[in-house]
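User: Can you walk me through this model? I'd like the strands, the metal site and the core.
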Amino acid sequence: MTLPRTAAVLPALLLLAAPAFAQEYKSGIKWEEPKVVTPGSEPGAPPSDATILFDGTNLDAFEGGDKWTVENGYAQVGPANIKTKESFGDCQLHVEWATPEKVKGNGQGRGNSGIFLMDRYEVQILDSFGNTTYFDGQASAVYKQSPPQVNASRGPGEWQSYDILFTAPRFDENGDLARPGFVTVLHNGVATHHHFELQGPTSFTAPAAYPKNHPAKAPIRIQNHGNPVRFRNIWIRELKTAVGVHPEKKVEAAK
Ligand code: MG
């Protein structure tokens, strides 16, 4: 027996219409409205809420900045480390850097510098363009903890970028580690670490291990390793998790 055409089509129509009768899930959480931020005018340019650490004119945002040379819109490493005067925890950090065009030295002695998050966790800067060294010490490595997933280096003298997303470690009231730190790194726009779990401060001389507590915020340090690495366009944004309040639970929904 053949069903009338309308009878065969009806169930399909009901299925199609079903979403209209589905009840929408609503969490009930009252969220703060996300702040409006104007993105940078071009890739790498600072968004409107960024703290500018170096715009090519001076290193006033850094302790020790007077020890480095600033000219032609860039800063060149001098005989000391520099550290931001301001302290930061969770953050998005953009840094542009170039190792010397004229190659000198090899391994760790070729275009070495580094970005130390919280003054402790180094994302390595090195000329790793055809320059062999230990893998967890090459450009974009989390120093002595993890090599980058890939080597996205540009050549000596070329400008390169790091975009770093950092989650600071958390310590409990006793000073014990409650949650490790995490870092995500894009090297020249290429992801080289994805939410890598930091094993502790990076060290040249010792295995990584978290100390008993450290401040919730600390300066960003840029390393003097004796090589004339150049820097430009450095900016940072503090990262805050969206916060909402559940009306029944009366607690913050996210931290
Ligand atoms: Mg270094």
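Analyst: Pairing first: two strands pair if DSSP finds at least two bridges between them. Helices (H or I, at least four residues) and strands (E, at least two) are DSSP runs, numbered from the N terminus. This is a predicted model, where local features need pLDDT of at least 70, side-chain atom pairs count only at pLDDT 80 or more, and totals for chains, interfaces and linings use all residues. Residues are numbered from 1 along each chain as its sequence is written, and side-chain values use heavy atoms, with hydrogens and water left out.

User: What else runs antiparallel to strand 16?
Analyst: Strand 2 (residues 51-54) does, joined to strand 16 (residues 230-238) by 3 bridges. There, F54 faces I234. Strand 5 (residues 74-76) is antiparallel to strand 16 too, with 2 bridges. Q76 sits opposite R230 in that case.

User: R230, what ring does it lie over?
Analyst: Y74, at 4.9 Å from the ring centre. A charge sits over a ring if NZ of Lys or CZ of Arg is within 6 Å of the ring centre and within 35 degrees of the ring normal. R221 lies over the face of F116 as well, at 4.0 Å from the ring centre.

User: How many helices and strands are in the protein chain?
Analyst: The chain has 1 helix and 17 strands. Of its 255 residues, 42% count as buried. Buried means under 20% relative accessible area, exposed over 50%, partly exposed in between (1.4 Å probe, protein chains only).

User: On to the metal. What are the protein donors of the magnesium ion?
Analyst: N112 (OD1), S113 (O), E122 (OE), Q124 (OE1) and Q223 (OE1), lying 2.2 to 2.4 Å from the ion. Donors are N, O and S atoms within 2.8 Å of the metal (3.2 Å for Na, K and Ca); water is not among the atoms, so sites may look incomplete. Along the chain the donor spacing reads N-S-x8-E-x1-Q-x98-Q.

User: Is S113 buried or exposed?
Analyst: Buried, because its relative accessibility is 0%. E122 has a relative accessible area of 5%, so E122 is buried too.

User: And the core? Which residues touch the most other members?
Analyst: L93, I115, L117, Y162, I164, F166 and F231, out of 39 residues in the largest nonpolar core. Strand 7 gives this core its largest share, 4 residues. A nonpolar core is a set of buried Ala, Val, Leu, Ile, Met, Phe, Trp, Tyr and Cys residues joined through side-chain atoms within 4.5 Å.

User: F166 again. Which ring cluster is F166 in?
Analyst: Ring pairs link F166 with Y121, F171 and Y210. Rings of Phe, Tyr and Trp (its six-membered ring) pair if their centres lie within 6.5 Å; planes under 30 degrees apart count as stacked, over 60 as edge-to-face and the rest as tilted.

User: Last topic: where do residues other than glycine have positive phi?
Analyst: H195, with phi near 55°, and N213, at about 60°. H195 is in strand 14. N213 is in the loop between strand 14 and strand 15 (221-222). H195 counts as partly exposed because its relative accessibility is 46%. At 37%, N213 is partly exposed as well. For context, most residues other than glycine have a negative phi.
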